[in-house]
Amino acid sequence: MRALVMTGPSQGSDRTEVRDVEAPRPGAGEVTVDVTHAGINFIDVMARRGDAGYVASWPFTPGKEVAGTVRELGEDVTDLAVGQRVAAFLPGAGGLAEIALAPAALTVPVPDEVPSATAAAAPLMLTTALMLLTDAARFGAGDTVLVHSASGGVGSAVAQLVPALGGGRLIGVVGRAEKIPAALKSGYDAAVVRDDDLAEAVRAAAGGAVDVVLDPLGTAMVDTDLAVTAPGGRIVLFGNAGGGRSGALPPLDRLRAGNIAVAGFSVSALAVTAPHRVAVALRRVLDLVTDGRLDLPVTEVGSLAETPATHQLLADGHGSGKYVVRIAES
Ligand SMILES: NC(=O)c1ccc[n+]([C@@H]2O[C@H](COP(=O)([O-])OP(=O)(O)OC[C@H]3O[C@@H](n4cnc5c(N)ncnc54)[C@H](OP(=O)(O)O)[C@@H]3O)[C@@H](O)[C@H]2O)c1
């Protein structure tokens, strides 16, 4: 089968190529999926640049979310059928390929109403956005939410989910002023540029402090987060887009005085430690798409061979919204 293969760490796409590799076979509790669409994610870029903890060994095939049809069932898998349309989260990656190996516990049926391109954005990206708001941030209707990565896939999904969860004021942070119109179009009530006056700009846009902060920038913005969070607020740290070592967390006295909670979130870790929770969230986002409450536009990339260019777009911070690659006809 054909797969996207990264042969070693690189800041660019010079060590990424499409190759023929051996197709995986399912073991007990696993399935293989004939992939029609796969999600392209920033985590692929983190793997490509060799960030610690993302690649166990090279060569490496990235891709943590796919949609397609069940190809083969492993031993003991009884609740899925060969040929069934599914979406799957892949803890060990390998989704940017014609055939992917997935745990049955993280493979869920896709309703007929959900297009495959959308389904491929659900296991990692939409599920993360939902779990960030519900499980990690305890979002409640009427909360004001600040998102540091407003223009990306997760940021655009959060903008869709907040209204579906009861509504609230949405403030997005973008890297450059040119990205403001896209953030507003995707559903943000206000968008501000990440610069020296960020805390002041956020407070002005929010009309005061915010209740929830979703921050994937390591610890680089934690001081700003604390400065804009209301008493009772929740800051969720869920990534390290800039790479490098994370700094220290805020001192307890500061959290206690501010009545502020700081939480961590990783869907990849949860897929290993509590896969049923990820599967429940995945089913829920697919249901939200089915009943029309979630309608996420995705940009379709035409082939595996075009995927390295999209990775570079994300690496350079020039992406907009969510990208999925079409691998076969659905
Ligand atoms: N913990 C989890 O479970 C989990 C799950 C999914 C994603 N994530 C993390 O969440 C973040 C967003 O993911 P995504 O899928 O939405 O990614 P994406 O579509 O590539 O968007 C990345 C976003 O981060 C912003 N950004 C800020 N600093 C950046 C940097 N140094 N390099 C590149 N982009 C930067 C970019 O826009 P601006 O330039 O406009 O700021 C962009 O909005 C990533 O860091 C990812 O690793 C975590």
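Helices here are DSSP runs of H or I with at least four residues, strands are runs of E with at least two, and both are numbered from the N terminus. The model is a predicted one, in which local features need pLDDT of at least 70 and side-chain atom pairs pLDDT 80 or more, while totals for chains, interfaces and linings use all residues. Residues are numbered from 1 along each chain as its sequence is written, and side-chain values use heavy atoms, with hydrogens and water left out.

Helix 3 also has a kink of about 30°, centred on T128; the bend at a residue is the angle between axes fitted to the seven residues ending there and the seven starting there. Of its 15 residues, 13 are buried, so helix 3 is mostly covered. Buried stands for under 20% relative accessible area, exposed for over 50%, and partly exposed for what lies in between, using a 1.4 Å probe and protein chains only. Helix 3 is followed by R138, which has a positive phi near 50°.

An open sheet is built from 6 strands in the order 10-9-8-11-12-13, with parallel pairing. Strand 10 (190-193) and strand 13 (261-264) sit at the edges, each pairing on one side only. On average, neighbouring strands of this sheet are turned by 20° against each other, direction ignored. Two strands count as paired if DSSP finds at least two bridges between them. Strand 8 (residues 145-147) and strand 11 (residues 210-215) run parallel and are joined by 3 bridges, and V147 has L214 in strand 11 as its bridge partner.

Strand 5 (residues 85-89) has antiparallel partners. It is joined to strand 4 (residues 65-73) by 5 bridges, with A67 partnered by A87. Strand 5 is largely enclosed by the rest of the structure, because 4 of its 5 residues are buried.

The loop between strand 5 and strand 6 holds A93. The phi of A93 is positive, near 65°, in a residue other than glycine, and A93 is buried at 12% relative accessible area. A93 turns up again at the second largest pocket, which is lined by 23 residues; P24, T61, G92, A93 and G94 lie nearest its centre. Strand 6 gives the largest share of this lining, 5 residues. The volume of the second largest pocket is about 350 Å³.

V35, in strand 3 (residues 30-40), counts as buried at 2% relative accessibility. Its C-alpha atom is separated by 7.7 Å from that of G95, although V35 and G95 are 60 residues apart along the chain. W58 and P59 are joined by a cis peptide bond with omega about -5°, and P59 lies in the loop between helix 1 (42-48) and strand 4. N259, in the loop between helix 8 (252-258) and strand 13, has a positive phi near 50° and is exposed, with a relative accessible area of 52%.

Notes: Axes fitted to C-alpha atoms, helices over the stretch in contact; angles between N-to-C directions. 1 Å grid on protein atoms, 1.4 Å probe; cavity = no way out; pocket = protein on both sides within 12 Å on 5 of 7 lines; lining within 4 Å. Points joined across faces, edges and corners; volume = space filled by probe spheres on them.
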